[in-house]
Structure formats: C-alpha cells, structure tokens
Amino acid sequence: GDTYWQRELREQFPILTADPELAYLDSAATSQKPRAVLEAVQTYLTTSNANAGRGTYPWANRTTHLVESTRERVKEFLRDPEPERSAVHFTSGTTEGLRTVARDWLVPYLGDGDEILVPFADHRAQLDPWLEARRLLAERGIDIRVRALPYQEASGDYDHRALGDLVGPRTRFVAATHVHHVYGGDMNVHRIREAVGPEVPICLDAAQSIGHLPVHLDDPALDVDFVVFSGHKAMALPGTGAVWARNARGPLFRPEGWQGTPNTVGIVSLRAALDWLHAAGPDRIARWTSGLATRLTDRLRHLGPYEILGCPSSLAADSALPASQRRHGIVTFRHRDIPSDDLGFILYSHGFMVRADSLCQAGAGERDGSVRVSLHVYNTEEEIDRLLTVLASLT
Ligand code: PMP
C-alpha cells in the first residue's frame, strides 16, 4: 500500500534519514533532494563537465545533449501534446521565469488600452513582474490596465463569478497560480479559461504544483499558454527552473540560446528530478500529501487557539472533492496568543522546521504573521501526529 511505497521513497533522502528527530516541514520553500538527483550531479561532474553549445569534443557534446534533451524531458513530464510547437526556457526559478515572460513576451505583445488580469494576493513574484511590465510600457507611452484577479476565502479559489465580470474585449492576458503557496488550495484553472475564452493567453505559476500533483497539458482542464516553475521545489538543485511556452497560439517565445553558460549542473539535476518524480507518480504524491494535510487540519481546526488561514479548514478533509480541488500539502495557521516567530522557535525546539516569518505574499503587510507547514512525499503521518501533540500542548 501507500505506506510501504512512501517509506521506500523517504529512505532515498539522505538529509532526512540522518536525524530522525528532525522533521522538515518547509517544502513549499524548497524541496529536499533524493539520492538519484545527487548521484546524477556527481556523475556528470566527474565524467562529462564542460560548457554547452560549443566545442567539438565528447564532454562538450554530452553537455549540450544533456541540456537539449532536458528541454524535451520537461515537455514529456508536462505531457505536452504538441512538443514541436512549444519551447522550454531554463531559469533560476519561478521568480526569474515570470519576469522573463513579462519582459520578453508580454511587453512587446501589449498595446495601448489593453488590460491584464493578475493575482494581487498570491506570491509577490506573481505581481511585481506584471507591474514592471506596465511601467516599461508607460515609458514608451503605452498605457495598460492591470486588474486584480480576485481571491475568495470562502472557496479557497479565485472568485470566478467576479472574474467573469472583469473580462472584457480589452483583456489580453491572465496570470494565475496553480496551487496557492500560503493556503494550499488548487486554483481550478479551467474556470479561468471558461471565463476568458479560448484566445486569451494564460500564464500559470506552477511553483507549488509541479512534482506535487499531475500538471498535464494534455488534460483539457489545463489549457494554458505558459507554465512557470522552480526545479528546486521539485527535487532539483537550487538555482533551477523553467518556463514552458506554447507557441501554437501565436505568441512566440524562444529558448535562451547559447549566448552564455547555462546552469548545466542544475539542468542535469532537473532532468534526474523529473525522472524521479515521474517514477514516483504525481497523482500518488498528491494523494499522500493531501492525506497528510487532512490529518493535520482535521485536528487543528478543533484546537481552540488556532486559526487556519485563507481557505475553508475543511478543504483538505472533504474526500468527496476530486483530487484537483483539495488542499495540496500546505497548511498555514496562527495561534491566538503566541506570535508566529515564537511559535516557530517552540516548534524547532521540538525538531520541526516550518516557515514562521514572512510568506512573501503580495499585499499581506502586517497580517503576514503565521506559521506554514508544507509537505512533500517524504513527510510521514508520524511527523504530523508528533506536530499535533506539540500544538495541542500549547492551548
Ligand atoms: N510563486 C510561488 C507560488 C511560490 O510559492 C514561489 C516560492 N515560494 C515563487 C513563485 C518563487 O519561486 P523561486 O523562489 O523559485 O523563484
């Protein structure tokens, strides 16, 4: 069953097995790395390290091949139905990826009077690039309007009805998040597509969904034009990420070419990470982490001094919901009397590594005081139960 499967996977993470007293609960910030990824990097550096895209000797050729074939691996992993009509561009993470889409594609694409819809209460990396695009355009005398894609706490999703009212003939672009990095809910992208119609490009921030649940472009419910993600949150090394861009709809977006030295080691790690995740099975991973989130919220919502933030506390627990509408391994909460940084210290004194400061949420201001528990496939029911025992002792 799943428990045996999960135990086998967990044992492949050396950092986690070194000290069983420690529980890593901060995977939304970055993931731990399985042995297969560490070994792929080691093998590459000890057998073929060279620069890519130049040279005619075997190490350089092999490096070039690794980089180029990783673009194809990204497309395969995303089940890209038209790989010959898309591009994969490597970045250092989601922040750089979204900035690249904004500067290199969106700015030249927009004209005076156009409108774009972007989230104002998601990760800051999902707001700043679009505001910067507006500024760059304004410097050229082109005025665009940036409108808020509204979030709705009651559903833990965007407010699709309000969205419908915001869409008009000048709507040229939508940016959306797949899984919210504070609330953990799945932001049903197909409802956005329904609201904006088939022609408006959608850019998806998949930082919290890649590696956590299926992100499959052959699924009609995921009809998007850009997928931006961080490799380092999906088992690859820090400083890795990618933008997948559909070129079929007209907007043309090219890979970065060979002007500079790419992050070859990071790209090698990304390839190994995607292979690992594919073998583990994103649907099975989603079931595991949603199950852990349910275990946590089911008890936590009955513990008096705690408040679960941002979306219905029952979201994870509702097993009638399809997997795509559940909470995905992220639970953010507050204690009525204990400030979040103190709560973070208390939890670490018991071995729990959680996020207990700013969550980089746009517009959060001083509300930004909470503790986030974020999970991946290596986390266990036993860790959740131990955490609940400590949390319950603080009431
Ligand atoms: N978007 C979301 C939804 C995120 O969760 C994060 C990371 N917390 C980012 C963007 C930024 O990712 P990176 O740090 O890899 O650039």
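How many of the residues of strand 9 are buried, and what does that say about how far the rest of the structure encloses this strand? In this predicted model, 5 of the 5 residues of strand 9 are buried, so the strand is largely enclosed by the rest of the structure.

**Strand 9 and its partners**

- Both faces of strand 9 are covered, with Phe 226, Val 228 and Ser 230 buried on one side and Val 227 and Phe 229 buried on the other.
- Strand 8 (residues 202-205) pairs with strand 9 (residues 226-230) in the parallel sense, over 3 bridges; within these two strands, Cys 203 stands opposite Phe 226, and Asp 205 stands opposite Val 228.
- With strand 10, strand 9 pairs in the antiparallel sense over 5 bridges, and Ser 230 has Gly 241 of strand 10 as its bridge partner.

- The open sheet is built from 7 strands in the order 2-10-9-8-7-3-4, and its pairing is mixed.
- Strand 2 (86-91) and strand 4 (145-149) form the edges, and because each has a single partner strand, one side of each is left without a neighbour in the sheet.
- On average, and with direction ignored, neighbouring strands of this sheet are turned by 15° against each other.
- Helix 4 (residues 58-77) packs on the sheet, where it touches strand 2 and strand 10 (241-246), and its direction makes about 115° with that of strand 2.

**Around the ligand**

- There are 15 residues around the ligand, and those that come nearest are Gly 93, Thr 95, His 181, Ala 207 and Ser 230; Ser 230 is also one of the buried residues of strand 9.
- By class, the shell around the ligand divides into 4 nonpolar, 10 polar and 1 charged residues.

**Helix 10**

- Helix 10 (residues 282-300) has 19 residues, which at 1.5 Å a residue should span 27 Å, and the 26 Å between its end C-alpha atoms agrees with this expectation.

Key
Residues are numbered from 1 along each chain as its sequence is written. This is a predicted model: local features need pLDDT of at least 70, side-chain atom pairs count only at pLDDT 80 or more; totals for chains, interfaces and linings use all residues. Helices (H or I, at least four residues) and strands (E, at least two) are DSSP runs, numbered from the N terminus. The expected span of a helix is 1.5 Å times one less than its number of residues. A residue is near a molecule or strand if its C-beta atom, placed from the backbone, lies within 6 Å of it. Ala, Val, Leu, Ile, Met, Phe, Trp, Tyr, Cys and Pro count as nonpolar, Asp, Glu, Lys and Arg as charged, and the others, Gly among them, as polar. Two strands pair if DSSP finds at least two bridges between them. Axes are lines fitted to C-alpha atoms, for helices over the stretch in contact, and angles run from 0 to 180 degrees between N-to-C directions. Two residues are in contact if their C-beta atoms, placed from the backbone, lie within 7 Å. A residue is buried if 20 or more other C-beta atoms lie within 10 Å of its own, exposed if 12 or fewer, and partly exposed in between; C-beta atoms are placed from the backbone.
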